[in-house]
Amino acid sequence: MSDLDGQSSNGHKQRWNSASAPDDHEAKRIRLERFVADQQLLASQSIPTPHTPHVINTVRLPDASRKKILVTGGAGFVGSHLVDRLMADGHEVVVLDNFFTGRKANVEHWLHHPNFSLVRHDVTLPILLEVDQIYHLACPASPPHYQYNPVKTIKTSTMGTINMLGLAKRVKARILLASTSEIYGDPTVHPQPESYWGNVNTIGVRACYDEGKRVAETMMYAYKSQNNVEIRVARIFNTFGPRMHPNDGRVVSNFIIQSLQNKDITIYGDGTYTRSFQYVDDLVNGLIKLMNGNYDMPVNIGNPDEYTINDFATKIRDMCGSKSEIVYLPKVADDPTQRKADITTAKREIDWEPTVTVDEGLKKTIEYFKGEVEAAGEIIPTGPDAVKPKGGK
Ligand SMILES: O=C(O)[C@H]1O[C@H](OP(=O)(O)OP(=O)(O)OC[C@H]2O[C@@H](n3ccc(=O)[nH]c3=O)[C@H](O)[C@@H]2O)[C@H](O)[C@@H](O)[C@@H]1O
């Protein structure tokens, strides 16, 4: 048995004598383990090789029609579904995400695809990239999450949008802003058309998000008129589907998670408030149509199917076959009392309307959360108070 040269942890070469040396078999095993680890590292960090674990086949677009598309917040719930569509359509996609509420798991299936790049970056800082289109989605959207650090939420919507508009201007990219139905505040007009100016409490707990998005819209139109930037503005209404953060705290994820575990379903207030809910695939279709159409005024993207929170709780409990009790907690501050998308503009200008019913969408979402609950053992849903998103990259 020959002696082996070894490297000690402090870097000094050391010599094992035959008494203390690992035998040949052990040395081979260590070398093999190192080789496999090196290969795995290489495969995870470089373009696909025959050893790369999993590369999804996508359409191969000719250079002339393949676009470089930036998706800020692309590892989030909505962003990751949008990325799936853009990748499947054969485009090159760059995802920027700071992983505050986004999760690597949402996009990990693309990590080895040569058309895909994932960059950990906070949009409040500028970035230089060459792209043709920008979907600017980055911002926490769940009330407990966006209220956790309101100053950061404001910076994300303001500085983040300025940075993305600056980039769009420099590289002449078209930019789409993910705005929100929240810009209508607690609406006095029902349903809400784009021409309604809204009713927002400028110093309330939701203002960091609502006002941030309102000024983001203002910036979009300022860059359009002053710098000829090509803009699109989507006002997104309540959206649900797989990959919602399990601790998101929003009504769909909370009610499903509570029902699946036979825990109390928590209604804030008396449950007479209303929302209209759309499935995420419909939203993604709407965003892509808006981006690639000719209309550059704000467009509501939502499903007008409106429910009281009471009815929605019963519906989800029934669909889950759950024994949960419904409990009523104090209402949350500045909660909009009614919300329903008027989608006349979307139908007329971009030929879009939702095609997935709330029931179909809920079935898929319940299936997804069954898996999440099973994997986690137990999920304690986020309550109404401001809270930092839980890990779970
Ligand atoms: O889901 C969305 O797309 C929207 O969600 C939030 O707006 P909000 O309508 O307040 O959404 P939820 O937090 O899901 O609340 C909906 C209603 O259910 C109630 N709720 C929520 C959670 C819960 O456990 N129980 C409960 O009664 C809320 O008080 C509210 O009245 C965000 O602020 C929007 O940006 C986003 O577009």
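Asn228 sits in the loop between helix 5 and strand 8 (231-236). Its phi is positive, about 60°, although Asn228 is not a glycine.

The model is predicted: local features need pLDDT of at least 70, side-chain atom pairs count only at pLDDT 80 or more, and totals for chains, interfaces and linings use all residues. Residues are numbered from 1 along each chain as its sequence is written.

**Overall layout**

The chain has 393 residues, and 41% of them are buried. Its secondary structure comes to ten helices and 15 strands. These are DSSP runs numbered from the N terminus: helices are H or I with at least four residues, strands are E with at least two. Along the principal axes, the C-alpha atoms fill a box of roughly 85 × 55 × 40 Å.

Contacts reach across the sequence. Two residues are in contact if their C-beta atoms, placed from the backbone, lie within 7 Å. Of the contacts with a separation of 6 or more, 78% join residues 24 or more positions apart.

**Backbone exceptions**

Most residues other than glycine have a negative phi, and most peptide bonds are trans. Phe99 has a positive phi of about 60° and is not a glycine. The residue lies in the loop between strand 4 (92-97) and strand 5 (116-120). Phe99 counts as partly exposed because it has 14 C-beta neighbours inside 10 Å.

The peptide bond from His190 to Pro191 is cis, with omega near -10°. Pro191 belongs to the loop between strand 7 (174-180) and helix 5.

**Two helix pairs**

Axes here are lines fitted to C-alpha atoms, for helices over the stretch in contact, and angles run from 0 to 180 degrees between N-to-C directions.

| Helix pair | Angle | Axis distance |
|---|---|---|
| Helix 4 (150-171) and helix 5 (207-227) | about 15° | 9 Å |
| Helix 6 and helix 8 (309-319) | roughly 40° | within 9 Å |

Helix 4 and helix 5 are therefore roughly parallel. Angles under 35 degrees count as roughly parallel, over 145 as roughly antiparallel, 65 to 115 as roughly perpendicular and the rest as oblique. Their crossing is right-handed. Helix 4 contributes Pro150, Thr153, Ile154, Ser157, Thr158, Thr161, Ile162, Leu165 and Lys169 to the contact, and the residues from helix 5 include Cys208, Tyr209, Gly212, Met219 and Tyr223. By class, this contact has eleven nonpolar, six polar and two charged residues. Ala, Val, Leu, Ile, Met, Phe, Trp, Tyr, Cys and Pro count as nonpolar, Asp, Glu, Lys and Arg as charged, and the others, Gly among them, as polar.

Helix 6 and helix 8 are oblique to each other. Helix 6 passes helix 8 in a right-handed crossing. A crossing is right-handed if the near helix is turned clockwise from the far one by less than a right angle, and left-handed if anticlockwise. Val251, Phe255, Ile256 and Ser259 of helix 6 meet Ile309, Phe312, Ala313, Ile316 and Arg317 of helix 8. The classes in this contact are seven nonpolar, one polar and one charged.

**Ligand shell**

The ligand is surrounded by 20 residues, and the closest are Asn238, Arg250, Val251, Asn254 and Tyr268. Helix 6 (251-260) and strand 10 (265-268) each supply at least two shell residues. Strand 10 gives the largest share, three residues. The shell divides into ten nonpolar, six polar and four charged residues.

Asp359 lies in helix 10 (residues 358-376). It has 11 C-beta neighbours inside 10 Å, so Asp359 counts as exposed. Asp359 and Asp122 are 237 residues apart in sequence, and their C-alpha atoms are 36 Å apart.

Thr344 is in helix 9 (residues 344-350). Thr344 has 12 C-beta neighbours inside 10 Å and therefore counts as exposed. Gly185 is 159 residues from Thr344 along the chain, and 20 Å separates their C-alpha atoms.

Terms used. A residue is near a molecule or strand if its C-beta atom, placed from the backbone, lies within 6 Å of it. A residue is buried if 20 or more other C-beta atoms lie within 10 Å of its own, exposed if 12 or fewer, and partly exposed in between; C-beta atoms are placed from the backbone.
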